[in-house]
Amino acid sequence: MSKPVLQIIIASTRPGRVGLPVAQWFEGVAREHGGFEVEVLDLATIALPLFDEPGHPIARQYVHAHSLAWSETIDRGDAFVLVHPEYNHSYNAALKNALDYLHVEWNYKPVGFVSYGGVSAGTRAQAALKPVLGALRMTPTTEAVNVPFVAQFIDDAGRFVPNDMLSMGALGMLGELAKLDGALRPLRAA
Ligand SMILES: Cc1cc2nc3c(=O)[nH]c(=O)nc-3n(C[C@H](O)[C@H](O)[C@H](O)COP(=O)(O)O)c2cc1C
C-alpha cells in the first residue's frame, strides 16, 4: 500500500525568511519518520495572486490556471504541516490567501503546526488559524512544534538546529497526523 502524502507548507514568503530553514529541518524529520510520502509546498514559489476567483471555492469552478494547479496539488495531500510565523499576533497573509483559494480539497484532512516567533513561539498565530481550519473541515493535531525566539536556533550557516524538546514534539505530531489520517479517510471517501 502506498504511504499517505504529507505536504509541508512553508507559509512565509519574506526574502530572508526563517521559515525556510525551519521547514528544511522538519522535512528531514518527516522523511526519517518514514510514515509518509513527503512533499514541500513553498508559498513563495507557488506565488498565488491575492484571491481572484469569481466563485466560492466550494463549487470548484476555477477560472484561473493557478487555482486549478493549487487545487490539484492540495487534492493529492492526505495530511499537512503548516510551517508558519507569527505576524502581529496572528498568522501571515499569504497563508490565509492560500487557504481561502480552496475548500473541498482541504476537507477532512489532518493538519499540524510548526509555529515560530518571539516569546509566544507563534502560538497566537496557531490559535488564530484554528477557527479558519475548522471552517475548512480540517482536524488540527493537539501536538505541535512551537519554537520560541526562533533566531536562537539558527546557526552561523543559516541552518535550524533544534533542541531535544522540539525534535520530540515533531515526532509526536507526525504520529498524531498518521492516526488522524487513518481516522478521517472514510469521511474523505464519502
Ligand atoms: C510583519 C511582522 C510582524 C511580526 N509580528 C510578530 C508578532 O506579533 N509576534 C512575534 O512573536 N513575532 C513577530 N514578528 C517576528 C517574526 O516572528 C520573526 O521575524 C520571524 O522570523 C518571521 O518569520 P519569517 O522569517 O519566516 O518570515 C513579526 C515579524 C514581521 C515581519
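Me: Which residues line the largest cavity?
Reply: This is a predicted model: local features need pLDDT of at least 70, side-chain atom pairs count only at pLDDT 80 or more, and totals for chains, interfaces and linings use all residues. Residues are numbered from 1 along each chain as its sequence is written, and side-chain values use heavy atoms, leaving out hydrogens and water. A cavity is a set of points on a 1 Å grid over the protein atoms alone where a 1.4 Å probe fits but cannot get out, and lining residues have an atom within 4 Å of a point. Here those residues are E53, G55, H56, P57, Q61 and Y62.

Me: How much space lies in the largest cavity?
Reply: The count gives one cavity of 30 Å³ or more. Its lining has two nonpolar, three polar and one charged residue. The space in the largest cavity is about 30 Å³.

Me: Now the ligand: which residues are the closest to it?
Reply: The ligand is surrounded by 15 residues, each with a heavy atom within 4 Å. By class, this shell holds four nonpolar, seven polar and four charged residues. The closest are S12, R14, Y87, Y116 and G118.

Me: How far is an oxygen atom of the ligand from a polar backbone atom of G19?
Reply: Polar contacts pair N or O atoms within 3.5 Å. An oxygen atom of the ligand lies 2.8 Å from a polar backbone atom of V18, and one is also 2.8 Å from a polar backbone atom of H89. For G19, the distance is 2.9 Å.

Me: Why is the pair of W70 and W106 called edge-to-face?
Reply: The whole structure has six aromatic pairs, meaning rings of Phe, Tyr or Trp (its six-membered ring) with centres within 6.5 Å; planes over 60 degrees apart count as edge-to-face. The centres of the W70 and W106 rings are 6.2 Å apart, and the pair is edge-to-face because the planes stand at 70°.

Notes. A polar contact is a pair of N or O atoms within 3.5 Å; within protein, one must be able to donate a hydrogen and the other to accept it, and residues adjacent in sequence count only if both atoms are side-chain atoms. Ala, Val, Leu, Ile, Met, Phe, Trp, Tyr, Cys and Pro count as nonpolar, Asp, Glu, Lys and Arg as charged, and the others, Gly among them, as polar. On a 1 Å grid over the protein atoms alone, a cavity is a set of points where a 1.4 Å probe fits but cannot get out, and a pocket is an open set with protein on both sides within 12 Å along at least five of seven lines; lining residues have an atom within 4 Å of a point. Grid points are joined across faces, edges and corners, and a volume is the space filled by probe spheres set on the points. Rings of Phe, Tyr and Trp (its six-membered ring) pair if their centres lie within 6.5 Å; planes under 30 degrees apart count as stacked, over 60 as edge-to-face and the rest as tilted.
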